[in-house]
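I opened this model to look up a few places and write down what I found. The entries follow in the order in which I went through them.

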Amino acid sequence: MNVNREVWILAEHREGELEDITFELASAGKRVADKLDGSLSAVIFSEQIADMTNRLASHAISKIFIINDSSLREYTTEAYAETLSRLAQERRPEIILCGVTPFGSDIAYGLAARLETGLITDCVSLDVNDDGLLAGEKTVYNERLQAKIICSSVKPHIATISPGVCDVRLPKPGNKAEVVTLTPEPFSAKRYARITGTVRADLKKIPLDQAEVIVSGGRGIGGPEGFDALEKLAELLGGCVGASLVACDNGWVPEDRHIGQTGLIVSPRLYLAVGISGSIYHAMGMKDSKYIVAINKDRNAPIFRLADLGIVGDWRETVNELTDHLTEIERDS
Ligand SMILES: Cc1cc2nc3c(=O)[nH]c(=O)nc-3n(C[C@H](O)[C@H](O)[C@H](O)COP(=O)(O)OP(=O)(O)OC[C@H]3O[C@@H](n4cnc5c(N)ncnc54)[C@H](O)[C@@H]3O)c2cc1C
């Protein structure tokens with residue numbers, strides 16, 4: 001397929017609120033678009049675009065394709081992947097990037113199959129090689145190896161990017177984007193699945209290694225009651241509670257919360273280490289977290305060497321203050 005030097009990202013939103021993955025895709029997309037001397041566009045399925053276009057434009061997106069069709073109000077893989085593949089065949093982008101999310105991954109597989117092109121899944125970084133081919137890096141064999149996969153010359157190149165691996169660029173509020181609203185041909189082929197409802201996940205049941213925010217407690221918490229306070233904070237942050245081995249061994253939290261060399265290896269966006277000294281064994285399970293905040297009354301605690309932000313003091317004071325503040329924000333929103 002002859003292509004335009006356009007990189008597309010599949011924007012994601014929930015009830016009109018853009019999801020973080022959209023801005024991460026925009027950052028990754030902008031980098032590869034610059035390498036190709038091309039431009040960055042976003043495709044968004046929505047009937048209500050409201051102020052989403054301004055936010056997308058502020059993240060270096062110069063063109064926004066809005067697919068506005070009431071028959072696509074209900075998500076199905078077939079209808080969305082087919083609509084996007086028709087658009088790609090017509091407009092011929094060079095690269096299409098989707099998030100490693102239920103929505104992004106689902107569409108990416110269907111899209112690659114329809115366009116008869118390759119797909120690099122679960123990338124942790126992306127680049128364009130000297131031949132102008134998209135190259136994605138991903139971890140394989142249970143995170144023991146890093147593989148670099150280079151797309152063939154068949155285009156468009158498609159890749160999915162894991163959440164939390166791309167730094168989001170600072171938005172430039174004045175940027176403008178061209179907005180193209182499209183009403184595609186109605187999708188008439190058989191739909192194999194129908195969404196009958198959505199259920200919010202119970203955060204307490206999310207496996208720790210999939211949580212985006214972890215509030216983790218150690219011996220310094222002093223007992224099971226202290227973990228109730230951490231639970232409340234975790235809930236307000238949309239995360240889960242984790243623990244050091246000592247806290248689990250003391251029976252303050254269940255064993256499946258144990259983080260470290262002999263427990264779970266986690267890498268959330270935010271790891272809040274509360275009353276944890278930061279032993280080498282614990283660090284091995286959380287050091288790859290994107291942003292680490294430590295609260296400890298001992299300013300020499302090793303955890304501060306790993307932390308992006310350190311707070312020296314009694315954990316109760318900080319956790320209570322944070323909880324009150326977040327409760328207030330939630331009440332006002
Ligand atoms: C083979 C082996 C494997 C191990 N595997 C693991 C593992 O997988 N995971 C793991 O976590 N550990 C593991 N350990 C145990 C590890 O060595 C440490 O003993 C453990 O991590 C310490 O837990 P902690 O940080 O909760 O407790 P401590 O080291 O006792 O630290 C408690 C911290 O709380 C602070 N504190 C106390 N009161 C307050 C307060 N009011 N406010 C703020 N801060 C306060 C203290 O200053 C201190 O820094 C392993 C050990 C061995 C030998």
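I began with Ser41, which, leaving out residues up to four places away in sequence, touches Glu6, Val7, Trp8, Ile9, Ile61, Lys63 and Phe65; contact here means heavy atoms within 4.5 Å. Before going further I noted that this is a predicted model, in which local features need pLDDT of at least 70 and side-chain atom pairs count only at pLDDT 80 or more, while totals for chains, interfaces and linings use all residues. I also noted that residues are numbered from 1 along each chain as its sequence is written, and that side-chain values use heavy atoms, with hydrogens and water left out.

I placed Ser41 in strand 4, residues 39–45; strands (E, at least two residues) and helices (H or I, at least four) are DSSP runs, numbered from the N terminus. Ser41 counts as buried because its relative accessible area is 0%, where buried means under 20%, exposed over 50% and partly exposed in between, with a 1.4 Å probe and protein chains only. I found a polar contact of 3.4 Å between the side chains of Ser41 and Glu6; the term covers a pair of N or O atoms within 3.5 Å, and within protein one must be able to donate a hydrogen and the other to accept it, residues adjacent in sequence counting only if both atoms are side-chain atoms.

I then turned to Asp122, which lies in strand 7, residues 119–123, and counts as partly exposed because its relative accessibility is 34%. Apart from neighbours within four places in sequence, Asp122 is in contact with Val100, Glu137, Lys138, Thr160 and Ser162. I also recorded 7.6 Å between the C-alpha atoms of Asp122 and Ala159, which are 37 residues apart along the chain.

Last I followed helix 5, residues 224–236, whose 13 residues reach 19 Å from first C-alpha to last, close to the 18 Å expected at 1.5 Å a residue; the expected span is 1.5 Å times one less than the number of residues. I listed Gly226, Phe227, Leu230, Leu233 and Ala234 as the buried residues of helix 5. Seen down the axis, these buried residues fall within an arc of 115 degrees, so they line one face of helix 5; the arc is that of the directions from the helix axis to the C-beta atoms. On the other side of helix 5, I found Glu225, Asp228, Lys232 and Glu235 exposed.
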